Amino acid sequence: MKPILIHTHFHKRRTGVTRSIENVFSYFATTYESYVYGNTVNAPKIGVLKLASLLFSKRKVVVHCHRNNEILRLLFFRILGAKFKLLATRHAESPPSKFTLFLLRKADTVITLVQSMSENLGFENTVVGHGVLVDAFVPKPERSLHTISQQNLIICVGRVREAKGQKVLLEAAKVLKNYPQWALVIVGKVDKPDFLEELKRIAKNHAIQNQVYFRKETPEIITYYQAAKIVIAPSFSEGFSLVTAEGMSCGCTVVATENVGVHSSLISHSKNGYLFEAGNSKELEQLLAQLLEEKIPLVGIQAREEIVKNWSAQKEAAQLMQLYQK
């Protein structure tokens, strides 16, 4: 009889955490009887009664949590006498609160996503970066977006909010007015409508409003990557930055903020992508100008090679299973 593996996911909205669970989940099936306790994730789910029956059974059970409220729920079962191995992943790059540290220390194994996050934690943990479904996120140079007139696309994917750096990007994107065949597409859920209006005003002030498009969060994000030549990741902070890895897997040239999330681990500057200082719109503008003028090369082929070799979901799943089986 297979051991039990349960991932928890208490979140009503799909996030990067949701997709990171889905990316690896299918790889566990050969070794574990696997479930999700929670919602939103596209995987076999169980309710609280089934969860309790498994936790209090004599079977070997591993539970992998991703948020504080999930850890709390499982610790409650442990207080009642349930026996299981508890793993917790820290997904935020910011220094954890005392309460978060308290909860993480109750786990048997703590996972972080990048080295800086590991160091901020201050106690023993294991770094396991997210992986990409490299057989799904594949280059398709012939792909185009019929709703956009320009053929050469730059995209920025993620929540539309101050911390994601779209304002910095739009200040840098004024270079587009010299290249009417290029367009910028910003794809993501808008947190505050006023911020979106501010971004539109910046585009208008730079006379590039006809080259800047805003699109809602979409499950068809692969289409956008495949239609793009360049992906910009201008965020000030990231837990990991799956967007960067996915863009690279689709053969895009990624320009990302240095030392944010996993950016500097994924990208070797000028070899398989480009890095710039967070918040430095001038530096980003110079990089964009050089790319559009073909003074520096597009490096999508090298980007794809890096992801396939080192950042696949299959590799992440194998690393996680090593921790589950310890």
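The buried residues of helix α1 pack against β1 (4-9), β2 (33-38), α9 and α13 (313-325). Buried here means under 20% relative accessible area, with exposed over 50% and partly exposed in between, using a 1.4 Å probe and protein chains only. Helices (H or I, at least four residues) and strands (E, at least two) are DSSP runs, numbered from the N terminus. Helix α1 itself covers residues 16-25 and is mostly covered, with 8 of its 10 residues buried. These are Val17, Thr18, Ser20, Ile21, Glu22, Asn23, Val24 and Phe25.

A word on the model: it is predicted, so local features need pLDDT of at least 70 and side-chain atom pairs count only at pLDDT 80 or more, while totals for chains, interfaces and linings use all residues. Residues are numbered from 1 along each chain as its sequence is written, and side-chain values use heavy atoms, with hydrogens and water left out.

Contact means heavy atoms within 4.5 Å. Axes are lines fitted to C-alpha atoms, for helices over the stretch in contact, and angles run from 0 to 180 degrees between N-to-C directions.

**A helix pair**

Two packed helices are described by the angle between their axes and the distance between the axes. For α3 (residues 68-79) and α4 (residues 98-105), the angle is about 45 degrees and the axes are 10 Å apart. Asn68, Ile71, Leu72 and Leu75 of α3 make the contact with Phe99, Thr100, Leu103 and Leu104 of α4.

**The sheet of 6 strands**

A second open sheet, of 6 strands, has the order β10-β9-β8-β11-β12-β13, again with parallel pairing. Its edges are β10 (212-215) and β13 (274-276), which each have a single partner strand, so one side of each lacks a neighbour in the sheet. From one strand to the next, the twist averages 20 degrees. Helix α11 (residues 281-292) packs on this sheet and touches β8, β9, β11, β12 and β13, with its direction at about 155 degrees to that of β13.

| Strand pair | Sense | Bridges | Facing residues |
|---|---|---|---|
| β8 and β9 | parallel | 6 bridges | Leu153 and Ala183 |
| β12 and β13 | parallel | 3 bridges | Ala256 and Leu275 |

In β9, 6 of the 6 residues are buried, so the strand is largely enclosed by the rest of the structure. Trp182, Leu184 and Ile186 point one way, and Ala183, Val185 and Val187 the other way.

**The cores**

In soluble globular proteins, nonpolar side chains tend to be buried together. A nonpolar core is a set of buried Ala, Val, Leu, Ile, Met, Phe, Trp, Tyr and Cys residues joined through side-chain atoms within 4.5 Å. The largest one has 38 residues, of which Leu153, Ile155, Val185, Tyr225, Leu266 and Ile307 touch the most other members. At least two residues of this core come from each of β8 (152-157), β9 (182-187), α8 (221-227), β11 (230-233), α9 (242-249), β12 (253-257) and α12 (300-310). Apart from this core lies another, of 32 residues, including Val160, Leu169, Leu284 and Leu291. Beyond its neighbours within four places in sequence, Leu266 is in contact with Thr244, Ala245, Met248, Asn272, Glu306, Ile307 and Trp311.

**Two positive phi values**

Ser270 has a phi near 75 degrees, positive in a residue other than glycine. Ser270 sits in the loop between α10 (263-266) and β13 and is partly exposed, with a relative accessible area of 41%. Glu294, not a glycine either, has a positive phi of about 65 degrees. Its place is in the loop between α11 and α12, where Glu294 is exposed at a relative accessible area of 69%.

Conventions: Pairing = 2+ DSSP bridges.
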